[in-house]
Amino acid sequence: MKKIVIGMTGFGYMGKIHLLGYRDIPMIYSDKLPEIVMKAVCRSSQKMADRCAIENGFTNGYSSFDEMLQDDEINIIDIVTPNYLHKEQIIKALKAGKDVLCEKPLGLNAKEAEEISSVVKQTGRQLGMVFNYRFIPAIQQAKRWIEDGRLGKVYSFRGEYFHSGYQDAKRPLTWRMRKEQSGGGALVDMGVHVLDLIRFLLGEFESVSGKTQTFIGERPLPDNSEKMGDVTVDDVAWLTARLKGGATGTVEISRFATGSLDDLKISAFGEKGAFKFDLMDANYLYWYENGQGWRRVETLQHYEDTKFPSPRSIIGWTRFHTENQYRFLESIIFGNLLSPDVSDGVAAQRILDAVYKSAETGLEESL
Ligand SMILES: NC(=O)c1ccc[n+]([C@@H]2O[C@H](COP(=O)([O-])OP(=O)(O)OC[C@H]3O[C@@H](n4cnc5c(N)ncnc54)[C@H](O)[C@@H]3O)[C@@H](O)[C@H]2O)c1
């Protein structure tokens, strides 16, 4: 591949974050990858697409995804659309011979995710997932030490992800609050990150028991605030889980956690050691081992093969995304193991489905 030529579909919040990442990669990694060309953006109207292309430096703007796929120069499709569009767009892109980077979640449910996975196999193309929190230096440090056996057998774990932004009853009913467009609420939107981190650090799930709750059942429509529509997803989800390795843990996800900003926490407790991580304190990993007390380990911007920005500088949220995007492109270019990939997208979706099923049946669900 002489050039990495990207077509992006969707340009809301995450589209902008991904564009920042692609622009930063040549600065951070100097000459490690071929030139990255932002060739095209696809939006829902031609007027928006043209304006977006001009304002953000894409060569072309499209309102038709199919038309964008016909550009043979594009070799990577970046999917940053609402969840209900992922499956169709991924499958079309793979069949058009493109490799794909897709924002979480992979699809609306496990059935969609499995369908996508079978097209990945059929076409032999690559599908990378965005699970950006895997790329926090503190999480990567925890992963290395856990793999070295420094926790010993893990007894229990705890994960939580809290936002407060949905407490405003006037917040309009967007795609995130409609089950058929999002696949689920707080659990899908934020919980998927925590579930993925648990898999990444501690291993596969064996069973889950869940409960969900919706506090505000109807909200104003985005195009007519006089009219109300039904919220069909959860505002809060709670679950207990058992992992195949024997550990048991709890997870709580809320978009109604008063005073919270972007509060993701994860911890685990083993026979020899324990760790804690807090996204609002993301420069450090808290590590306990062999009865020697808790250590605050500086992890800052300590990435393996980059010196810019200086590893002693504090880390920020967009940097994890950039790293996720860089690692995906590196796998495509050099054939390194792609991680996270479609199998991680499918696994996360099976857990989400099992939690929703358990919340309905009141039973523990096996995976
Ligand atoms: N990894 C993370 O940290 C993170 C954070 C937020 C969102 N996300 C994920 O990113 C994706 C996008 O979320 P967002 O927050 O950017 O949503 P958003 O609502 O801000 O943006 C979605 C964009 O898609 C556009 N769109 C709608 N229909 C389209 C179509 N047919 N063709 C092209 N564009 C279309 C919308 O106009 C909008 O610009 C979701 O899958 C979400 O789960 C990931």
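In the predicted model, Lys 104 forms a salt bridge with Asp 189, with a separation of 3.1 Å between the closest N and O atoms. This pair links distant parts of the chain, since Lys 104 is placed in the loop between strand 5 (99-103) and helix 5 (110-123), whereas Asp 189 belongs to helix 8 (residues 186-202), 85 residues apart. Lys 104 has a relative accessible area of 11% and is therefore buried, the cut-off for this class being under 20%. Asp 189, at 15% relative accessibility, likewise counts as buried.

A further salt bridge is formed by Glu 114 and Arg 350, whose closest N and O atoms are 2.9 Å apart. Because Glu 114 lies in helix 5 and Arg 350 in helix 10 (residues 342-361), the pair ties together parts of the chain that are 236 residues apart in sequence. Glu 114 is partly exposed, with a relative accessible area of 36%, and Arg 350, at 42% relative accessibility, also counts as partly exposed.

Within helix 6 (residues 137-147), Glu 147 and Lys 143 are positioned 4 residues apart, about one turn of the helix, and their side chains meet in a salt bridge with an N to O distance of 3.1 Å. Glu 147 is exposed, its relative accessible area being 57%.

Salt bridges also join residues into a network, which links Arg 134, Asp 196, Arg 199, Glu 204 and Asp 344. In total, the structure holds 26 salt bridges.

Notes. Residues numbered from 1 in each chain as written. Predicted model: local features only at pLDDT ≥ 70, side-chain atom pairs only at ≥ 80, totals over all residues. Heavy atoms only, no water. Salt bridge = Lys/Arg side-chain N within 4 Å of Asp/Glu carboxyl O. Helix = DSSP H or I, 4+ residues; strand = E, 2+ residues; numbered from the N terminus. Buried < 20%, exposed > 50% of the residue type's maximum accessible area, 1.4 Å probe, protein only.
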